[in-house]
Each structure stands twice: as structure tokens, then as C-alpha cells.
Amino acid sequence: MITAQARSLALGLLLLAAVPGTLDSSTASRPSRIYFLGSDYVNLQEWARSHGFQARWTVWKEQVKITSAYSTLLFDIDSRRAVVNGVSVWLSTAIAFRNGAAYISPRDLTTAINPVLFPVREPAGKTIKTICLDPGHGGKDPGNREGKHQEKRYALLLAEETKAALTKAGFKVIMTRTGDTYPELEERPQWAKKRGADLFLSLHFNSADSSAAKSVQGIETYCMTPARASSTNTRGGTDDAAPGNRLDSKNMLLAYHLQRSMLGKLGAEDRGVRRARFAVLRYAEMPAVLVEAGFMTHPTESQKIYSSSYRRQLAQAITAGILAYKQAIEAKP
Ligand SMILES: [Zn+2]
């Protein structure tokens, strides 16, 4: 066993030798890979330098900080939580420490980090016009229940508010339900596809176990778990590839922009961009996310959820997040 202190020192020395400032990516070598515990890993600092980033190791935090003129990323040893420009992004595999260096899963680079840092733009003329909003639950399925408050009602109210804000911003908006009905889960994204939706957003409110109800609050944005990767939330399906996996990169970029916008505008607690194989994400054939916009079980956050002014702010933050995604992904004029 290596003590935390010893490995901090080893990594610190390694990084001291390896931080000559920003390297030209054309001269930087490919990051080294290792294989252990049944998985492939990429040397995180070498990867950073090969992309022109600086990488620093903070000994007392056991944390790698990667920076460029545009981005700041934080990675903690033994943790699946990375912080990308102030937004928590849950990785499928924890950052590992081996041979005096920090390592990341290549799958996390391709499906979680690269899509945000290096978004691939759409071809010219392909624009985002139609947004499908999916108010969670409905009809026979009330969703979370706290006293007289039912999640299905607040999900619909948030969707109506978001429809108004998106329409004002120039989008066409369609909804999987406009009343207290229950469209089957897999039919919701399929219907969105038939109607030509460019993006799919499922809107929900969260709940925590009674033991954690007073402490757990904040916003989560889910996107489809990449094939064979592990989810942040294990509900919802096997790890085989699904239709929703064809758009892993765009799903992540959309989730990141929505989460970032909601945190910035609402000051809510950041529970991160997460992964799950929820049915509405599994069957989506357009970029899709599921937003858990706060906890109905939390004493103060629930009161915000039940207020129309807070839901209006949420709707505006969601709209700003979609506009940020649109700006990141559409071809430059
Ligand atoms: Zn729900």
C-alpha cells in the first residue's frame, strides 16, 4: 500500500518536472496508457499536455487541476466526480493513481470530457428549432408525493412555463402531455421523433429517503449512460448499446449546458451531470436529457418548487442552457 502522502509527493515531483507551461499539441507525445483491474487507463497529465492544457497537482487535496485560457477542470484521486468549468460531471470510472501518476478511463475522455471541451459542430444549415418537453409521470403515475403535492403536477407546470420561455426565444415547442395523462415511457421520445424534435427534455422533481430529506437538495441533469459504462443511477436497463447511445457526445454537451445554466441562474446546489439508462433517454433518437430540478423532500427547496416565480426562473435557466448548447453546436455563420 502506498500512503496518500507518499503518492502525493511522487505525483507532485512528477508534475514539477512536467509543467513547462502550455505545450504545443503538435509536438506533445501521445499520452501513455496502462491496463489494470480489468480496465484501460490514460495518463491524465500527459493527456492534458497533449491538448495544450496545463496540469497541476495539489498535494493536500490529492487533486489534479487542468487549465487552459478557456477551461478549468478538477479531478480527485479515487473519485468519479470531476468538475468542468464549475459543473460537476460524474465519470463512469474513478480517477486512479498508479506509478506516481493520475489516470482516467479513455471512455470518460471520449464520452464525458471531450464532448464538453471540444464540441463537434453540426453541418452548415442544421439548426435547432423544435424542442420536445416531457413533463414526467402523469395520469396513473403521480411520481413523488409529499403530502398533497404530486410531482406530476409540478412537472407539468414547469413544462408549461418552459414552453412559454422557449417560444419567446424563438423555438417551436411540443409536449408529450399537456394534461394529466400517462403516455408510455418509450413512446415519448418516439413521438418526439415523429414530430421532428431536435432536442428532448424530460422534466422531473426529486425525492430523498426520509433519513436524508433535511440535507439533500439541488439539481441533477441526467443523460444516457454510454454502452457498457456504469451509471450514476442504476435504475433503468442493461448496459448494452441502445438507440440513445448514438448521440452520447451531444447528450453530454446538452446536459452540461443545462446544468451549468441552472446552477448559475438559481444558485442551487450542484448534484452534477449524471448518467442513467432511463427509458425516455434509452429510446431517444435526438439529443436527450432528464432534469431533476430540485428535491420535493427538502424543507426549503420544496417551497421553491411549489412557487410559480421559482418555476419561471427555472424555465428561463433551462431556455438559456438550450441557447448555450445551440451556440456551441451549430455551424458558425
Ligand atoms: Zn420523476
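In this briefing a residue is called buried when its relative accessible area is under 20%, exposed when that area is over 50%, and partly exposed in between, using a 1.4 Å probe and protein chains only. By that rule His-137 and His-204 are both buried, and these two residues are among the donors that coordinate a zinc ion. The model is predicted, so local features need pLDDT of at least 70 and side-chain atom pairs count only at pLDDT 80 or more, while totals for chains, interfaces and linings use all residues. Residues are numbered from 1 along each chain as its sequence is written, and side-chain values use heavy atoms, with hydrogens and water left out.

**Zinc site**

- The zinc ion is coordinated by His-137 through NE2, Glu-151 through OE and His-204 through ND1, at 2.0 to 2.1 Å; donors here are N, O and S atoms within 2.8 Å of the metal (3.2 Å for Na, K and Ca), and water is not among the atoms, so sites may look incomplete.
- Along the chain, the donors of the zinc ion follow the spacing H-x13-E-x52-H.
- His-137 lies in the loop between strand 10 (130-135) and strand 11 (145-146), whereas His-204 lies in strand 14 (residues 199-206), and the pair links parts of the chain 67 residues apart; helices (H or I, at least four residues) and strands (E, at least two) are DSSP runs numbered from the N terminus.

**Nonpolar cores**

- The largest nonpolar core has 68 residues, and Phe-75 and Ile-113 have the most contacts inside it; such a core is a set of buried Ala, Val, Leu, Ile, Met, Phe, Trp, Tyr and Cys residues joined through side-chain atoms within 4.5 Å.
- Helix 6 (residues 248-266) supplies the largest share of this core, with 9 residues.

**Aromatic rings and charges**

- The structure holds 6 aromatic pairs; rings of Phe, Tyr and Trp (its six-membered ring) pair if their centres lie within 6.5 Å, and planes under 30 degrees apart count as stacked, over 60 as edge-to-face and the rest as tilted.
- Tyr-222 and Phe-278 form an edge-to-face pair, with 5.1 Å centre to centre and 65° between the planes.
- Tyr-222 lies in strand 15 (residues 219-224) and Phe-278 in the loop between strand 16 (270-276) and helix 7 (279-282), so the pair ties together parts that are 56 residues apart in sequence, and both residues are buried.
- Trp-47, Phe-53 and Phe-118 form one aromatic cluster.
- The charged end of Arg-153 sits over the ring of Tyr-154, 5.2 Å from its centre, a description that requires NZ of Lys or CZ of Arg within 6 Å of the ring centre and within 35 degrees of the ring normal.
- Arg-188 lies over the face of Tyr-182, at 5.2 Å from the ring centre.

**Cysteines and backbone**

- The count of disulfides is 0, a disulfide being a pair of cysteine sulfur atoms within 2.5 Å.
- Cys-132 is buried, with a relative accessible area of 0%, and Cys-223 is buried at 0% relative accessibility.
- Most residues other than glycine have a negative phi.
- Asp-78 has a positive phi, near 70°, and is exposed with a relative accessible area of 53% in the loop between strand 5 (72-76) and strand 6 (81-84).
- Arg-228 has a positive phi, near 65°, and is exposed with a relative accessible area of 60% in the loop between strand 15 and helix 6.
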